[in-house]
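I opened the notebook to look up charged pairs first, then the nonpolar parts. Entries follow in the order I made them.

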Amino acid sequence: MTIRLTVAQALVRFLAVQFTERDGERRRLIGATWGIFGHGNVAGLGQALLEHADEMPYHQGRNEQAMVHAAVGYARQSNRLATHAVTTSIGPGATNLVTGAALATINHLPVLLLPGDVFATRPADPVLQQLEVPYAADVSVNDTLRPVSRFFDRINRPEQLIPSSLAAMRVLTDPVETGAVTLALPQDVQAEAYDWPEEFLAERVWTVRRPGADPVELAAAAEAVRNARRPLVVAGGGVHHSRAEAALAEFAAATRIPVASTQAGKGALRWDHPQDVGGVGHTGTATADELARTADLVIGVGTRYTDFTTASGTLFENPDVRFLNLNIAAHDGHKLAGLPVVADARSALTELRKALGGHRVADSYVTEYTEDKERWEQRVDACHEADEPDVRPTQPQVLGALDALVDESDIVVNAAGSLPGDLHRMWRARSHDQYHVEYGYSCMGYEIPAAIGVKLAAPERNVWALVGDGTYLMMPTEIVTAVQEGTAIKVLLVQNHGYASIGGLSESVGGERFGTAYRFPSECGTLTGAPLPVDLAANAASLGMRVLRAKTVEDLRAALAEARAADVPTCVYVETETADTVSGPPPAQAWWDVPVAATATRSAAVKARELYERHVSTRRRHL
């Protein structure tokens, strides 16, 4: 039996009946479709979404990149078992997807992209917004999505949709291969009718695998742990993707091995778990980084070992250090010449704990990292403390005020600027999914749309988008979406008059903060004059958001409490004390490689180069 539908109608109906299942939990794979309509999708997918509105929820976006961020936020909060689709017109609507697609793929988070494309039949050539490539007539602007997609296809014939859409679902649900998936849809093909097999439109369940460890690899891993005197776990995002937090807590409690976390892995253990020692790497805690420097075995669980985690190859200083990598992706399991255990994180941790029997690290090691952690928490308390509640807060005090207010049900979303460093070092994660910092791509503009996606996935929870002025100006557009849909996100907007994070970095590498401040030019021509008369709070209010202005620490505490209780989208706006520094103490505890000019006439760059060369000399390759 067949059913006659357009390509777009068939695709919408197909997506509406795709499900995932893991550990007996079954849920719909494509929870909704985001869209901005123009020529290329208005008469195809636009009409199909209208026709099948009872089967596929629709969300109206304001910026195509932001729609992908919202879908990614939804996918991460859904533990990659569900995501959203995003449809756009051809031309700039399609190319606006590229940044969002890169973010999704780098972070191994599934999102389905459905950009319109030029006519497959070419009745007029070129059409509006078509890219003409003299040497390749089959290239369109959508080909920019190929390198940032885990799967890409262009549907030039109706029957092509069947194998391609099945392949797309396979990639979206694959725990190793997942990321952005792109099905480019020529506008004429979207509207073309075809007789579809009923089987294609039937309900389909995709099982998300949990592969166990190979016995040989597991035995070698257990032997490595037994022989280590100073082991350290580095928990990455794979712990969350696998929902392995409980297994990690049991492993840590049984072995007493300390656990540090990457940006993606933070929250894998609660901050007050005895074995949690905080973030590791350039934005890590002094406790975790000192343990990393002296570790003789680093047990990476679901981590990609990015340069922030390894301090650009300078962090793991012990000459005898070796790496044991529990990772579902063989590519990551072999990094740093590590001993791989290629398996699902939860399965591998459970099996390794059992293989170790009653093995535990020495009491002296436990005492050492416990006391170091207590000292670090005292430093954090000092940064959060505000002795004078009637003065303008510093950024750490802003985070301290929020930290004192929230409970384990709150979720904080962030991605760029100086906030990720402060959060990684100082935020006290109270639940496995409270800490939502996108740092694989660290994309400015991510926070507000991602918070909407998170809130759609967890409507009963308070979701905070922590946004600096720089990232706010990149993409405030989805405030309108939150207002339109009544999605009661909380935006904490921190005004420090410029790119504070890059300003600090610029100063450290001899750039003297050039081009990083939002100020009028001074007499010497640099941007060091008076702050610009820009009112971001008024801007947010003009987009329909309720805005609470906080001038002092005391104001801030009251505004945050009011915002948390609000049932409408609410923004707390605060100007911080330090406009010329990144965020105040505590400083970075490890290095990060940003190359410095090898020759310069300005003294700042000359001094920065001398320091750079000293750091570079300590880098090593782990072989």
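I looked up R210 first: at 19% relative accessibility, R210 counts as buried. The cut-offs I used are under 20% relative accessible area for buried, over 50% for exposed, and partly exposed in between, with a 1.4 Å probe and protein chains only. The model is predicted, with pLDDT of at least 70 needed for local features and 80 or more for side-chain atom pairs, while totals for chains, interfaces and linings use all residues. Residues are numbered from 1 along each chain as its sequence is written, and side-chain values use heavy atoms, with hydrogens and water left out.

I then checked the partner of R210. R210 forms a salt bridge with D23, with 2.8 Å between the closest N and O atoms; a salt bridge here is a side-chain nitrogen of Lys or Arg within 4 Å of a carboxyl oxygen of Asp or Glu. R210 sits in the loop between β11 (204–207) and α8 (215–227), and D23 in the loop between β2 (18–22) and β3 (25–28), so the pair ties together parts that are 187 residues apart in sequence. Helices (H or I, at least four residues) and strands (E, at least two) are DSSP runs, numbered from the N terminus. D23 is partly exposed, at a relative accessible area of 48%.

Next I took R209. R209 forms a salt bridge with D174, the closest N and O atoms being 3.2 Å apart. R209 is in the loop between β11 and α8 and D174 in the loop between α6 (161–172) and β9 (180–186), so this pair ties together parts that are 35 residues apart in sequence. R209 is partly exposed at 46% relative accessibility, whereas D174 is buried at 11%.

I also noted a network: salt bridges that share partners join D23, R210, D344 and R346. By the rule above I have 37 salt bridges.

I turned to the nonpolar core, meaning buried Ala, Val, Leu, Ile, Met, Phe, Trp, Tyr and Cys residues joined through side-chain atoms within 4.5 Å. Which members of the largest core touch the most others? Of its 51 residues, they are L248, I299, L324, L326 and L352. Helix α14 (residues 345–356) gives the most to this core, with five residues. Another core, of 46 residues, lies apart from it, and V72, A180, V491 and L493 are among its members.

Last, I listed contacts (heavy atoms within 4.5 Å) for L324. Leaving aside neighbours within four places in sequence, L324 is in contact with residues including A221, V225, Y305, L339 and L352.
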